[in-house]
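This report describes a ligand site and the annotations that go with it.

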Amino acid sequence: ATERTLSIIKPDATRRNLTGKINARFEENGLRIVAQKRVRLTKEQAEAFYGVHRERSFFGELVAFMISGPVVVQVLEGENAVLKNRDIMGATNPANAAAGTIRADFAESVEANSVHGSDSAENAAIEIAYFFAQSEIVA
Ligand code: CMP
């Protein structure tokens, strides 16, 4: 079925001017960028977005990293978009990411791993609503 997923191009990738190369991976694999904006997250936004990880040891560093530079938040649409994007991104830790995935090719570390993607359709809906009004998503 046609789905939508939330994607974030993280500060390590925007710093290295990789937005276009990463977007090409999505488009080459059949996902459409139906909403996109470049923003600087506030600490409060990053903490709320990653709220499920609040108790994890890496939470503070994760938030600090996510506000260390601009991010590009986007909505990707396509057949099985949630799972497809997870395949395109590769494993969270680039050391474990399959060849040809975004994280294998571009990520610097498990923290500076270049992209975020929703892990389920349910979370995708929540994450998309966190960043975008319906009127900003143009299919
Ligand atoms: P993301 O998909 O954005 O969701 C949570 C993020 O926490 C994850 O990608 C990683 O970039 C980040 N992170 C930082 N350290 C760790 C760690 N030790 N284990 C898992 N995720 C981590």
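Residues 2-139 have end C-alpha atoms 11 Å apart, and this span is 40% helix and 20% strand (helices are DSSP runs of H or I with at least four residues, strands runs of E with at least two, numbered from the N terminus). The model is predicted: local features need pLDDT of at least 70, side-chain atom pairs count only at pLDDT 80 or more, and totals for chains, interfaces and linings use all residues. Residues are numbered from 1 along each chain as its sequence is written, and side-chain values use heavy atoms, with hydrogens and water left out.

UniProt, in an unreviewed entry, places the feature "domain: Nucleoside diphosphate kinase-like" at residues 2-139; such annotations may be inferred rather than shown by experiment.

The residues around the ligand (a heavy atom within 4 Å) include Lys10, Leu62, Val110, Glu111 and His116. By class, this shell has 4 nonpolar, 4 polar and 3 charged residues.

| Side chain | Distance to ligand oxygen |
|---|---|
| Tyr50 | 2.5 Å |
| Asn113 | 3.2 Å |
| His116 | 3.0 Å |

The protein covers 77% of the 460 Å² of accessible area that the ligand has on its own (Shrake-Rupley method, 1.4 Å probe).

Thr92 is in the loop between helix 5 (81-89) and helix 6 (102-106).

Key:
Polar contact = N/O pair within 3.5 Å; in protein donor to acceptor, adjacent residues only side chain to side chain. Nonpolar A, V, L, I, M, F, W, Y, C, P; charged D, E, K, R; others polar.
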